[in-house]
Amino acid sequence: MRCRTTLRSWLGPVMLLAMTGAAHAQEEAETVGMMTGLLDGQEREWFILSQGVDSNATFTELGDRVVIDLVGFSAPDSWRVRDSLSLSITLDKGEIAKFDLLHPIGASVMPPVFTSDNAEVRLALDTFEVEGSKAHVAGRVEGVLALQQALGEEASLEEGIDIAVEFDANASRIEY
């Protein structure tokens with residue numbers, strides 16, 4: 001049940017970001033953050049992009065709860081889902097209540113994917129400072145991501161991959 005819930009929570013935002021990126025292909029994308037570090041023993045970097053009013057670094061405040069979403073892409077000029085890295089952090093009264101990490105290995109967010117579900121991943125949030133409609137977000141994730149082979153199947157650490165990635169971004173506030 002948890003894997004379906006997490007997949008549903010990621011499917012909408014990631015697909016929306018991919019579609020808005022394609023719609024604004026004429027505008028120049030701006031890098032508003034980076035994710036850098038090791039994934040499965042290889043040095044990697046992901047670009048967190050913004051294009052016009054669309055940003056892949058956002059936060060929403062709902063009372064004492066804050067949801068931060070960061071999506072990094074493997075190239076500074078591409079919003080491709082394949083090989084992206086997505087991090088969603090929920091803060092409750094300033095403390096980390098939960099987080100989800102997703103690394104799609106195909107052309108969509110559908111399995112197979114590497115995920116923090118049933119995994120051994122730690123999150124350290126070093127900075128979350130809001131100034132007006134922007135927030136500076138920085139921290140790191142470390143551990144082992146689990147592989148989810150198919151939709152409805154539990155993610156497994158047997159074929160998991162190591163991750164040690166730092167992130168630093170300027171997120172835009174989303175208001176409803």
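Reply: On the surface, Leu62, Ile174 and Tyr176 make up a nonpolar patch with about 380 Å² of accessible area together. Patches are made of residues with over 30% relative accessible area and no salt bridge, like charges being joined within 9 Å and nonpolar side chains (Val, Leu, Ile, Met, Phe, Trp, Tyr) within 5 Å; accessible areas come from the Shrake-Rupley method with a 1.4 Å probe, and for residues only the protein chains shown count as cover. This is a predicted model, in which local features need pLDDT of at least 70 and side-chain atom pairs count only at pLDDT 80 or more, while totals for chains, interfaces and linings use all residues. Residues are numbered from 1 along each chain as its sequence is written, and side-chain values use heavy atoms, with hydrogens and water left out.

Me: Which strand is Leu62 in?

Reply: Leu62 belongs to strand S4, residues 57–62. Helices (H or I, at least four residues) and strands (E, at least two) are DSSP runs, numbered from the N terminus.

Me: And what does S4 pair with?

Reply: S4 pairs with S10 in the parallel sense over 2 bridges, and Thr58 stands opposite Ser172 in S10. Two strands count as paired if DSSP finds at least two bridges between them.

Me: Which salt bridge does Glu61 make?

Reply: The side chain of Glu61 meets that of Arg173 in a salt bridge, at 2.0 Å from N to O. Glu61 lies in strand S4 and Arg173 in strand S10, so this pair ties together parts that are 112 residues apart in sequence. The term means a side-chain nitrogen of Lys or Arg within 4 Å of a carboxyl oxygen of Asp or Glu.

Me: How many salt bridges are there by that rule?

Reply: The count comes to 3. Asp126 forms one with Arg140, the closest N and O atoms being 2.9 Å apart, and Glu142 forms one with Arg140 at 3.7 Å.
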